[in-house]
Amino acid sequence: MKHRILVRYANKREKNPALTIHIYRCISAALDAEKVPIPCEINVLVTDDQGIQAINKATRGVDSATDVLSFPMFNFEPGKLPDDLEDLVDPQTGLLPLGDMAISLERAKDQAKRFGNTLKREVGYLTIHSVLHLLGYDHLDEGEMKRQMRIREELIAAEIGITRA
């Protein structure tokens, strides 16, 4: 399926074609795993801690950096797409606009080092995590919702070979 995935780098010097391809691959794998039946549009901003902190403060009122932020266009139920999904397609593009995500490359590098993972694994995991948020998954509680999301993240990551170190 031909999704439109726009990956932008806040710092042009950080632009990494291999990482961009990896982000595309992770988004596509997550959409396939969740059985999204129509082409989607997702915008990705790769930034640093300062950039994601500014976004976090402006959008959520939280003045701190984080690893990834997700901005879903719709409120889906986790693991269940609505029957009228086709009605949500943008008539001009023919795509389902799922939303936006921002990834702190600086934070991903730090977490990869701390967790003993590769940068590829960390960015992949954050990307999959964000796509699941765009599809309605959440982890506001420490119980069933978080467990459900973690299981999906690990299964999707394993399907494309980005397992933990």
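**Strands, a helix and a pocket**

Guide: This is a predicted model.

Visitor: Why do side chains in a strand alternate?

Guide: Because in a regular strand they alternate between the two faces of the sheet.

Visitor: Which strand does E1 pair with, and in which sense, parallel or antiparallel?

Guide: E1 pairs with E2, residues 40-47, in the parallel sense, over six bridges. Val7 has Val44 as its bridge partner in E2.

Visitor: And is the β-α-β unit of E1, H1 and E2 left-handed or right-handed?

Guide: Left-handed; helix H1 in that unit covers residues 17-33.

Visitor: New topic. Which residues of H3 are buried?

Guide: In H3, residues 105-115, Leu105, Ala108, Gln111 and Ala112 are buried. They cover an arc of only 120° around the axis, so they sit on the same side of H3. Lys113 and Arg114, on the other side, are exposed.

Visitor: What do the buried residues of H3 pack against?

Guide: Against H1, E2, strand E4 (96-104) and helix H4 (119-134).

Visitor: What follows H3?

Guide: Gly116, with a positive phi near 70°.

Visitor: Last one: which residues lie nearest the centre of the largest pocket?

Guide: Ser70, His129, His133, Asp138 and His139, out of 20 lining residues. Strand E3 (68-72) and H4 are the elements that each give two or more residues to that lining. The pocket holds about 450 Å³ of space.

Key:
Residues are numbered from 1 along each chain as its sequence is written. This is a predicted model: local features need pLDDT of at least 70, side-chain atom pairs count only at pLDDT 80 or more; totals for chains, interfaces and linings use all residues. Side-chain values use heavy atoms; hydrogens and water are left out. Two strands pair if DSSP finds at least two bridges between them. Helices (H or I, at least four residues) and strands (E, at least two) are DSSP runs, numbered from the N terminus. A crossover is right-handed if, with the strands pointing away from the viewer, the path from the first strand over the helix to the second runs clockwise. Buried means under 20% relative accessible area, exposed over 50%, partly exposed in between (1.4 Å probe, protein chains only). The arc is that of the directions from the helix axis to the C-beta atoms. Contact means heavy atoms within 4.5 Å. On a 1 Å grid over the protein atoms alone, a cavity is a set of points where a 1.4 Å probe fits but cannot get out, and a pocket is an open set with protein on both sides within 12 Å along at least five of seven lines; lining residues have an atom within 4 Å of a point. Grid points are joined across faces, edges and corners, and a volume is the space filled by probe spheres set on the points.
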